[in-house]
Amino acid sequence: MLDISLFTSRAVFYIAGLLIIANFAFAQSNNIIVHDQITGEPLDQVLVTQNKTEIYFTNARGQLIIKNLNPGDSIVFTSLGYQIKTLTGDSLLSGNHQIGLTPNPFNLDEVTVSANRFEEPSDDIPYQLLQISKNEIKRISPDNSGDLLQSTGMVNVQKSQAGGGSPVLRGFEANKILIVVDGIRMNSAIYRAGHLQNVITIDPLLL
């Protein structure tokens, strides 16, 4: 004769044991959220290394799961524009699942983009280079970029009409002069030869 009460109590005991094991396994897989220390916004694609062997990346919500975390583990959080943060596994196991990274702003060196189409420090360029600073543009306060170039005394600007401005460099007219803004070509030589007024389409106050 089957003892139903005994079977039921054993089943409850086994189920309780499985729940304990599942909870322990879940605790071993630590769900961590990485965010900006100042704004609180979650950080995507943060590189997280565990003992320099295991590699993880946060998702769009700043979340990641580190498995098999031990108290002595070294966890390093790295993201472009933020200070590197190193934590021990013990600190994460103690409940520190909200990781804030501190922004680390950095300055870029001045880069001059010339017609050779690659970045190069201005001191290494083997030919003459004229630069007009922001303060100089404010001081001149030109009506258009053609007047700005002419004010330097190093560029001849042909004005065939009111408000026109076609630069001439060393005898080369505007259809042979490349004008770019942030790498975007502003003029074209396919329409006509000779003078072009494309330079006046660039607002000097935007430079």
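Two strands are taken to pair if DSSP finds at least two bridges between them. Helices (H or I, at least four residues) and strands (E, at least two) are DSSP runs, numbered from the N terminus. The model is a predicted one, in which local features need pLDDT of at least 70 and side-chain atom pairs count only at pLDDT 80 or more, whereas totals for chains, interfaces and linings use all residues. Residues are numbered from 1 along each chain as its sequence is written, and side-chain values use heavy atoms, with hydrogens and water left out.

The secondary structure of the protein chain comprises 4 helices and 13 strands. Of its 207 residues, 28% count as buried, where buried means under 20% relative accessible area, exposed over 50%, and partly exposed in between (1.4 Å probe, protein chains only). The protein chain exposes about 14,700 Å², of which carbon and sulfur atoms supply 57%; accessible areas come from the Shrake-Rupley method with a 1.4 Å probe, and for residues only the protein chains shown count as cover. Among contacts (heavy atoms within 4.5 Å) in the protein chain with a separation of 6 or more, 38% are accounted for by residues 24 or more positions apart.

An open antiparallel sheet is formed by 4 strands in the order E3-E2-E5-E6. Strand E3 (54-57) and strand E6 (85-88) lie at the edges, each pairing on one side only. Neighbouring strands of this sheet are turned by 20° against each other on average, direction ignored; axes are lines fitted to C-alpha atoms, for helices over the stretch in contact, and angles run from 0 to 180 degrees between N-to-C directions. Within the sheet, strand E2 (residues 47-50) is paired with strand E5 (residues 74-78) in the antiparallel sense over 4 bridges, and Val48 stands opposite Phe77 in E5. Strands E5 and E6 also run antiparallel and are joined by 4 bridges, with Thr88 in E6 as the bridge partner of Ser74. The hairpin of E5 and E6 has 6 residues between the strands, and Gly81 in this hairpin takes a positive phi near 90°.

Thr49 also belongs to strand E2. This residue counts as buried, at 19% relative accessibility. When residues up to four places away in sequence are not counted, Thr49 touches Glu54, Ile55, Ser74, Ile75 and Val76.

A further open sheet consists of 3 strands in the order E4-E1-E7, with mixed pairing. Its edge strands are E4 and E7, each of which pairs on one side only. The twist from one strand to the next averages 30°. Strands E1 and E4 pair in the antiparallel sense over 4 bridges, and Leu64 in E4 is the bridge partner of Ile32.

The largest nonpolar core contains 16 residues, and those with the most contacts inside it are Val34, Val48, Ile66, Phe77, Leu92, Ile99 and Leu101. Two or more residues of this core are given by each of strand E1 (30-36), strand E4 (63-66), E5 and strand E7 (98-101). A nonpolar core is here a set of buried Ala, Val, Leu, Ile, Met, Phe, Trp, Tyr and Cys residues joined through side-chain atoms within 4.5 Å. In soluble globular proteins, nonpolar side chains tend to be buried together.

The count of salt bridges comes to 1, a salt bridge being a side-chain nitrogen of Lys or Arg within 4 Å of a carboxyl oxygen of Asp or Glu. Arg139 forms this salt bridge with Glu136, and the closest N and O atoms are 2.6 Å apart. Both residues lie in helix H3 (residues 134-140), where Arg139 and Glu136 are 3 residues apart and therefore separated by about one helical turn. Arg139 is exposed, with a relative accessible area of 60%, whereas Glu136 counts as partly exposed at 28% relative accessibility.

Ser160 is placed in the loop between strand E10 (156-158) and strand E11 (166-168). This residue is exposed, with a relative accessible area of 51%. Ser160 and Leu196 are 36 residues apart along the chain, and their C-alpha atoms are separated by 10.0 Å.
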